[in-house]
Amino acid sequence: MEDCIFCKIINREVPGDIVYEDDEIIAFRDIHPCAPVHILVIPKKHISSLIDITEEDEKVIGKIYGVINKIAQKEGILDKGYRVIINCGEDGGQVVKHIHFHLLGGKKMGVKVC
Ligand code: AMP
Ligand code: ZN
């Protein structure tokens, strides 16, 4: 996707503080962190939102959770725990239209929506 900021990070057209990469997944630090550790984990395939995943995407979406644990361990937040947020669509408050998993940790996370 030409105008997708996250695809541009994947393609090295825009700089990103990349903390993990394999052939299907990339993770980089959020530019406006909400916690001491705030990393965005995304599939390299441009999928707009969780709403848009197809059956063929389910494998990589599942793999992302394993990658999140690996990153959490590397960042030293696995023992105390973390929060994962996926904003989805308009009511979910999604701004960037490339599916992304917010990995948040390094402090006691605040108010829970549910
Ligand atoms: P969301 O509101 O779930 O769509 O989250 C989008 C997130 O992307 C926000 O937390 C932004 O701070 C983050 N973000 C936007 N542009 C960049 C960028 N170039 N590098 C890193 N994070 C970004
Ligand atoms: Zn994209």
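Ala, Val, Leu, Ile, Met, Phe, Trp, Tyr, Cys and Pro are counted as nonpolar, Asp, Glu, Lys and Arg as charged, and the others, Gly among them, as polar. By this scheme the shell around ligand 1 divides into 8 nonpolar, 6 polar and 2 charged residues. The model is predicted: local features need pLDDT of at least 70 and side-chain atom pairs count only at pLDDT 80 or more, whereas totals for chains, interfaces and linings use all residues. Side-chain values use heavy atoms, with hydrogens and water left out, residues are numbered from 1 along each chain as its sequence is written, and chains are lettered from A and ligands numbered from 1 in the order in which they are written.

The protein has 3 helices and 5 strands (DSSP runs numbered from the N terminus; helices are H or I with at least four residues, strands E with at least two). Along the sequence they follow the pattern α-β-β-β-α-β-α-β. The C-alpha trace spans about 35 × 30 × 25 Å along its principal axes.

Around ligand 1 there are 16 residues, of which Asp-30, Asn-87, Val-95, His-100 and His-102 come nearest (a residue is near if one of its heavy atoms lies within 4 Å). Helix 1 contributes the most to this shell, with 3 residues. Polar contacts are pairs of N or O atoms within 3.5 Å. A polar side-chain atom of Asp-30 lies 2.5 Å from an oxygen atom of ligand 1. For a side-chain N or O atom of His-100 the distance to a ligand 1 oxygen atom is 2.7 Å, and for a polar side-chain atom of His-102 it is 2.8 Å.

Note on methods: Polar contact = N/O pair within 3.5 Å; in protein donor to acceptor, adjacent residues only side chain to side chain.
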